Amino acid sequence: MRHIQVKQGETAEATADRPWWHSATIYEIALISFQDSNGDGKGDLAGLLSRIDYLTWLGVDAVWLTPIYRSPFRDLGYDISDYCSIDPAFGTLDDFDLLVGRLHDAGIRLILDLVPNHTANDHAWFVESRSSRDNAKADWYVWADPAENGGPPNNWLSRFGGSAWEWCETRGQYYYHSFLVEQPDLNWRNPQVRAAIADVMRFWLDRGVDGFRVDASAVLIKDELLRDNPPNPDAGGKPPPQRLTPVFTDDRPETMQCIEDIRNVIDEYPGRLLCGEVQGKTDRIGHFYGNHRPRLHLPLNFALLDSPWNALSLQAAIDAYLNALPSQAWPVWVIGGHDKQRIASRIGEAQMRILAMLLMSLRGTPFFYMGDEIGRERVSIPPDRIRDPFEKLVPGYGLCRDPERAPMRWDDSPNGGFTDGRPWLPLGPSDSRNVAGEQRDDHSILALFRKLIALRREQPCLREGEQQPLRSQNDVFAFKRVWNGDEILVLLNICAEPRKWHGQGRGRLLMSTHLDRQPQPLPDGSVLLRGDEGVMIAVARP
Ligand code: GLC
């Protein structure tokens with residue numbers, strides 16, 4: 001196993017005293033949509049290997065890959081048939097080892113998706129479990145007897161529609177599935193299951209993986225008494241799976257013990273990261289960090305995506321999140337993902353540039369999703385090409401996830417440089433944003449992302465500094481980062497008209513989201529922001 005190289009600009013002090021993810025920028029890649037190497041229309045490990053130069057050029061410090069394990073692929077690989085092998089469409093374990101080595105040589109860490117809540121129904125564990133009521137794995141999944149009327153044991157709903165219980169003739173029992181019928185939930189009350197997942201983690205950690213993103217971490221344990229979920233009073237207009245409030249299926253107290261167990265395995269390997277998909281309102285975030293017993297290092301936080309796009313709402317969302325963090329917790333900010341609608345489609349390119357500056361200047365680890373850096377928008381998917389099982393089962397709510405899962409557009413050729421074959425999902429029009437075109441343009445949003453990533457690496461104040469709120473003025477969202485006597489002021493104009501910021505002292509303009517202002521002194525710190533412009537200002541010491 002090769003070890004990670006220390007990057008230029010990373011001081012020994014930063015690497016020795018603080019976990020690496022405090023200063024890392026993390027990039028999510030849906031492997032199937034990144035780069036195809038063999039013409040089958042699906043991205044793969046060899047394709048990713050061939051794009052390491054791009055990752056290095058962009059400056060990201062770690063990549064998180066969506067599941068790469070053997071899978072029938074009914075749910076983007078979140079239905080796993082074998083946790084310890086690579087799906088043949090993606091490559092082999094040798095390809096994987098090569099990739100880890102090359103990424104590490106480039107100073108880039110690798111995070112895998114860990115899917116502990118459920119397997120695919122063709123996983124050997126489930127095949128055995130469903131074969132009888134008394135086999136060695138009989139209790140590895142969530143089995144229950146029928147209700148008195150012979151129907152499902154209770155009213156629990158699958159997130160993908162319909163009852164969450166599926167009848168199994170052989171056992172004369174139902175099994176529980178939080179998601180698809182083909183994704184049975186593992187029984188996390190069973191210590192053997194916990195031990196088996198711990199071994200899966202060690203298998204990958206031994207191969208040099210730098211951490212995991214835990215999928216669906218809030219639903220690992222379900223109510224032991226199988227009590228009915230109550231109706232959801234806010235269900236109006238929401239899709240049928242949200243008709244009930246999932247108090248007995250989600251975020252049960254015992255689930256936190258499972259996360260602690262997972263964390264214990266991570267802690268056997270110094271320097272590895274545990275992040276996770278969590279649920280609930282901002283004020284629940286602290287409990288996913290843990291208190292006396294540590295849980296996730298980074299519970300993923302989507303507050304920026306969920307906030308209305310105006311200065312006051314953003315300020316409120318950011319303050320609420322930071323205020324909800326336990327004192328030692330390190331913040332994290334996510335602006336995109338394989339389940340999330342592309343925010344560029346909602347706020348537009350001009351404001352997407354503002355979001356880029358916001359993400360890269362907040363205190364906490366920034367996460368973005370492949371394509372965010374080119375301002376990629378949702379790709380329209382014709383009905384006959386839809387692959388997302390959620391959209392097939394719960395259509396009509398505008399929640400299809402394929403538009404953000406469309407393959408990466410590397411250039412303006414019809415298949416975007418992604419594949420020589422037929423892409424598994426359409427890429428959208430060839431005149432849409434692409435990497436090559438934006439690499440040629442010094443003012444592109446891609447150039448902006450790259451510059452912001454580099455600036456963050458150069459400036460300890462942006463990585464480590466305290467975050468101090470300022471009162472937003474007239475559509476300008478403002479805050480300060482403060483470190484060791486240095487201060488950086490971030491001013492973001494969340495509207496399309498110019499806005500004046502009244503400063504209170506000398507400063508030096510570091511950069512503008514328009515990428516057309518040279519670093520320059522600002523005599524009294526005041527600045528006229530153009531429409532959709534964000535700037536960072538180094539405040540002069542008195
Ligand atoms: C997580 C994944 C999502 C998947 C679900 C079921 O929420 O992010 O893509 O459908 O788990 O595994």
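This is a predicted model: local features need pLDDT of at least 70, side-chain atom pairs count only at pLDDT 80 or more; totals for chains, interfaces and linings use all residues.
The mean pLDDT of the protein chain is 95, with 97% of its residues at 70 or more. Residues 11-15 stay under 50 in pLDDT, and for this stretch the model has three contacts beyond four places in sequence.

The domain assignment divides the chain into domain 1 (12-118 + 191-221 + 252-388 + 402-453), domain 2 (119-187) and domain 3 (467-539). A distance of 30 Å separates the C-alpha centres of domain 1 and domain 3. Contact between these two domains involves 25 residues of domain 1 and 26 residues of domain 3. The area buried between domain 1 and domain 3 is about 2000 Å², and carbon and sulfur atoms give 69% of this area. On the domain 1 side, the most area is lost to domain 3 by Gln315, Ile354 and Met357, which together give 28% of what that side buries.

Phe126 belongs to helix H5 (residues 124-129) and Tyr175 to strand S8 (residues 173-176), so that the pair links distant parts of the chain, 49 residues apart. Both Phe126 and Tyr175 are buried. An edge-to-face pair is also formed by Phe160 and Phe179, with a centre-to-centre distance of 5.5 Å and an angle of 70° between the planes. Phe160 is placed in the loop between strand S6 (143-144) and strand S7 (165-168), and Phe179 in the loop between S8 and helix H6 (191-206); the pair therefore ties together parts that are 19 residues apart in sequence. Phe160 has a relative accessibility of 5% and counts as buried. Phe179, at 14% relative accessibility, counts as buried.

One aromatic cluster is made up of Tyr27, Phe34, Tyr54, Trp57, Phe368, Trp410 and Phe449. The ring of Trp410, a member of this cluster, has the charged end of Arg51 over it, 3.8 Å from the ring centre. A further charge-over-ring arrangement involves Lys340, which lies over the face of Phe302 at 4.4 Å from the ring centre.

Beyond residues up to four places away in sequence, Ser129 touches Asn135, Lys137, Ala138, Trp140, Tyr141, Trp143 and Arg171. With neighbours within four places in sequence left aside, Ser132 is in contact with Ala138 and Arg171. Ala138 and Arg171 are also among the residues that Ser129 touches. Between Ser132 and Ala164, 32 residues apart in sequence, the C-alpha to C-alpha distance is 21 Å.

For Arg293, a C-alpha separation of 10.0 Å is found to Asp261, 32 residues away along the chain. Arg293 lies in the loop between helix H8 (285-289) and strand S11 (298-299). Its relative accessible area is 42%, so Arg293 is partly exposed. Glu260 and Asn264 are in contact with Arg293 when neighbours within four places in sequence are left aside.

Positive phi values in residues other than glycine are found at Asp251 and Leu515. Phi of Asp251 is about 55°, and Asp251 is placed in the loop between strand S9 (211-214) and helix H7 (253-267). With a relative accessible area of 19%, Asp251 falls under the limit of 20% and is therefore buried. Leu515 has a phi near 55° and lies in the loop between strand S18 (507-512) and strand S19 (520-522). The relative accessible area of Leu515 is 16%, so this residue is buried.

How values were computed
Residues are numbered from 1 along each chain as its sequence is written. Side-chain values use heavy atoms; hydrogens and water are left out. Helices (H or I, at least four residues) and strands (E, at least two) are DSSP runs, numbered from the N terminus. Buried means under 20% relative accessible area, exposed over 50%, partly exposed in between (1.4 Å probe, protein chains only). Rings of Phe, Tyr and Trp (its six-membered ring) pair if their centres lie within 6.5 Å; planes under 30 degrees apart count as stacked, over 60 as edge-to-face and the rest as tilted. A charge sits over a ring if NZ of Lys or CZ of Arg is within 6 Å of the ring centre and within 35 degrees of the ring normal. pLDDT is the predictor's confidence in each residue, from 0 to 100. Contact means heavy atoms within 4.5 Å. Domain bounds come from an automatic or database domain assignment. Buried area is the accessible area (1.4 Å probe) that two parts lose on being put together, summed over both.
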